[in-house]
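Colleague: I have a structure open and would like to go through it piece by piece. Please show it first.

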Amino acid sequence: MRRWIDHLIFIIALSFTFGPDGIAAQPIDRPPGIGGDPVDGRRVALIIGNSDYPDGSNWSDLPNAANDAAYIARLLEDPARGEARFETVTVQNGTQEELLAALERFGGLAEEAAVAVVYYSGHGFQFADQNYIVPIDAPQSVSQNDLAMHFVSMAEITGAASADGFNVYFLDACRSPGPVVARSSYVEGNPAPLFGAIEAPQSVVFYATSMGDVAYDAAPEDSPLSPFATAVGQAISYPGLDVPYVFGAVRDAVLRATEIYSPKQQPVFTGSWSRPFYFVPASMQDFAPVAVLPGGASARLRLGPTRSSETPASLDIPLEMMSTLDENILIVRVLERYRAEQILAMAEGGDPVAQYLAGYMYGYGAGLPEDHEQARHWLERAAASGHPAGQLELGYFLTRYGEPDERSRAVELVRAAADQGYAKAMSHLGAMMFDPQYAMQDEAEATRLYRAAAERGHAWAHYALSLRREDVAGHIAALSALAEAGNDEGHNWLCELSFAGFPVERSFDHCLAASRAGYTVPRAIVAMRYAEGDGVEANEESAEYWARMAAESFDISPVLDARMQAILAD
C-alpha cells in the first residue's frame, strides 16, 4: 500500500538514486497519481458467503461467512447511496448449482455495468494453477478430472466480472489445505494447495490475508462478523476514499482487531487501474449507511472506533508522527475520528494541521471532492502559519500545479520545512541537492540532511545513507529497529538493501513482511527467491503466488515485470 508512486510531483524529479535493475530509491512514498474523471455509472456486485459445510467433511464450518455476505450486501445496496447504490446478487450457503446460477445472473448484469464487485467469504483452494471456491455440497474427495463438476473456478468468476470501468474483488477465502484431489481416481489423493493469487488484469483485489497465513472468522471471538468484513464494511462507507485509501483503512483496521492474536491477520492488496473510484462519492458527506446485523436487526454503521460528534479546536497529532508517516495512512486515521466537515471547521478556526490536511484532501480527492483552488487556499494558509507540514505540502502542490516561475518558491518551501527539522522535508531537500536539474548540488549538505532525517526516524534516509556506504551496519540496525516496532517501510528498505547485496540478517523475513504490506519490489524479490531457492527452500507455488501479486501491481518496473512473467511462464 505505502509504496505508491505519484509521478506528477516531486517523485520523478527526485528518483535519481538507483538500486539493482533500475529500481528507484524514493525519499518519500506518496499515494497514486491516478488521474481522469472518477469511474461512474451502473454498479453491480456478486456476494457469496458459505458457512454451513457438512459435518465430518474436510471443510470446517465458518460461522460468520454467511453473516459477512448479508452485511456487505446490505451496505452496497443501501438506498442511501443514491446513484452509488449497487445491484447485488447474493448467495448464502450456496450449493454448486446455486453458485453457478448466481454467477450467470451476475455476468449478465456486469456486461452493462461500469463497476463490478465480487465479495467471497468461505473456503477456497488452488489446483493446477487454478483457484476454486468451495460450495457447501462439495465432496470430501474428487478426481482432478471432475473438479469443474463440484467446485467453481475463479476463472469463471473473473470472466463474468466484465464491467466497462473496472472490477474489485474482496476474497476472504481461508488459507487452509482443502479437499483430497486425486490424479485420476477418488483414492490416494493429496491435499490441495492453498488458495493463491488470482489473475485479474485491470482489476483490484483485496485478499483477507496472504497465502499460508491465517484469516480469522471472528475477532474478538464473540463477534458476529469476521474482522475482514467489519473493516471492509467500514472502509467502503467513508465518503470520498479512492481504492488505495480503502485498502489502507481495511489493513489498518484488521491489524488492530487481531493484534491480540498470534499471528495477526494482514490483508493484502494488488491491482492496476487508471481512474479513481469511490464507493461513496465525496459529495455525500452526510451519508449514514444502514448495516443489517445477524438476526435481522438494523443499526447505523459506526464509522471508526472513536469518531467524535464534537469538534475540537485543533487536531492533536504529534509533529514527529506527521514528519515520518505517509499521508495516505494519516488521512484514514483522522477520518476514523472526525468527519471531513469537522476537519474543515478546525481549519477555518486557524488550526494549521487541519489546514494542511484539508489542502491535501482537496488536492488528492481524499475524503473531499478534488478541488485545486480549495487545496491551494488551505495549503497557503497552513504554510503562512509556518507549519512545516503545510510548507512541504504546498511545495509539492506548486510543483504539481503551480506556474513555471513558482518552482523556486517550491524549493524554498521545502527548505523552510527542513530548517524546522521536518524529516520528510530534509530527505527531499537532500535529494534535490544531488539532482543536477536544481543547480544546487552540495553533497556534504545533502548528506547532513539525510543524517538528520534518519535521526528523526525517516526510514528512507537510512536507506539512502546505506546506499552511499555510510555506516551501513548502523543504518541497517536502525531500519531493523523500525521494522521491529511495526514500521513497514523498515521492512521494505531492508529488503531492497539485501537485494542490492548489503548484509541484512533475516532478509527474507523482511522481504516477506514488506510483501504482505503491499510493496511491489519486495513481492518480486520474494518471488525470485522462492523460484531460485535463494536463502529459502524453493517453492514453485509460493513463487507463482508472489510473482502474480507483483505482476498485477500498477507500479512494477518493466525489468521486474519481465522476471515475473518468466516465473509465471515456468
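Colleague: What share of the residues in the protein is buried?
Modeller: This is a predicted model, so what follows is computed from predicted atoms. It holds 23 helices and 15 strands. Among contacts between residues at least 6 apart in sequence, 68% join residues at least 24 apart. Of the 570 residues, the buried share is 60%.

Colleague: How many of the residues of α17 are buried?
Modeller: The buried residues of α17 are A459, W460, A461, H462, Y463, A464, L465, S466 and L467. α17 is therefore largely enclosed by the rest of the structure, and the count is nine of nine.

Colleague: What is the C-alpha to C-alpha distance between W460 and L479?
Modeller: W460 is part of helix α17, residues 459–467. Its relative accessible area is 1%, under the 20% cut-off, so W460 is buried. In sequence, W460 and L479 are 19 residues apart, and in space their C-alpha atoms are separated by 9.1 Å.

Colleague: Is R469 buried or exposed?
Modeller: R469 sits in the loop between α17 and α18 (472–484). The cut-off for exposed is over 50%. At 61% relative accessibility, R469 is exposed.

Colleague: What is the phi of D471?
Modeller: Most residues other than glycine have a negative phi. D471, in the loop between α17 and α18, is not a glycine, yet its phi is positive. The value is near 45 degrees.

Colleague: Which residue does a cis peptide bond join to A219?
Modeller: Most peptide bonds are trans. Here omega is about 0 degrees, and the bond is cis.

Colleague: What is omega for the peptide bond from S262 to P263?
Modeller: P263 is found in the loop between α7 (243–257) and β13 (268–271). The bond from S262 to P263 is cis. Its omega is near 5 degrees.

Colleague: Is H387 buried or exposed?
Modeller: H387 is in the loop between α12 (372–384) and α13 (388–401). Leaving aside neighbours within four places in sequence, H387 has contacts with L319, M322, P352, V353, A382 and Q420. Its relative accessible area is 13%. As the cut-off is under 20%, H387 is buried.

Colleague: Are α13 and α14 roughly parallel or roughly antiparallel?
Modeller: The axes of α13 and α14 (residues 407–419) come within 8 Å and cross at roughly 160 degrees. In this pair, P388, Q391, L392, L394, G395, L398 and T399 of α13 meet R409, A410, L413, V414, A416 and A417 of α14. Angles over 145 degrees count as roughly antiparallel. So α13 and α14 are roughly antiparallel.

Colleague: Is the crossing of α13 and α14 left-handed or right-handed?
Modeller: The axes of the two helices cross at roughly 160 degrees. The hand of the crossing of α13 and α14 is left-handed.

Colleague: Is the crossing of α15 and α16 left-handed or right-handed?
Modeller: Helix α15 (residues 423–434) and helix α16 (residues 443–455) have axes that come within 8 Å and cross at roughly 160 degrees. That makes α15 roughly antiparallel to α16. Residues in α15 including A423, M426, L429 and F434 meet residues in α16, among them E443, A446, Y450 and A453. The crossing of α15 and α16 is left-handed.

Colleague: Which residues of α23 are buried, and what arc do they cover around the axis?
Modeller: Helix α23 spans residues 558–569 and reaches 16 Å from its first C-alpha to its last, close to the 16 Å expected at 1.5 Å a residue. Its buried residues are L560, M564 and I567. They lie on the same side of α23 because the arc they cover is only 55 degrees.

Colleague: Which helices are included in what covers the buried residues of α23?
Modeller: The face turned away from the buried side of α23 carries the exposed residues P558 and A569. The cover over the buried residues of α23 includes α21 (520–532) and α22 (540–551).

Key: Residues numbered from 1 in each chain as written. Predicted model: local features only at pLDDT ≥ 70, side-chain atom pairs only at ≥ 80, totals over all residues. Heavy atoms only, no water. Helix = DSSP H or I, 4+ residues; strand = E, 2+ residues; numbered from the N terminus. Expected span 1.5 Å × (residues − 1). Buried < 20%, exposed > 50% of the residue type's maximum accessible area, 1.4 Å probe, protein only. Arc of directions from axis to C-beta. Contact = heavy atoms within 4.5 Å. Axes fitted to C-alpha atoms, helices over the stretch in contact; angles between N-to-C directions. Parallel < 35°, antiparallel > 145°, perpendicular 65-115°, else oblique. Left-handed = near helix turned anticlockwise from the far one by under 90°.
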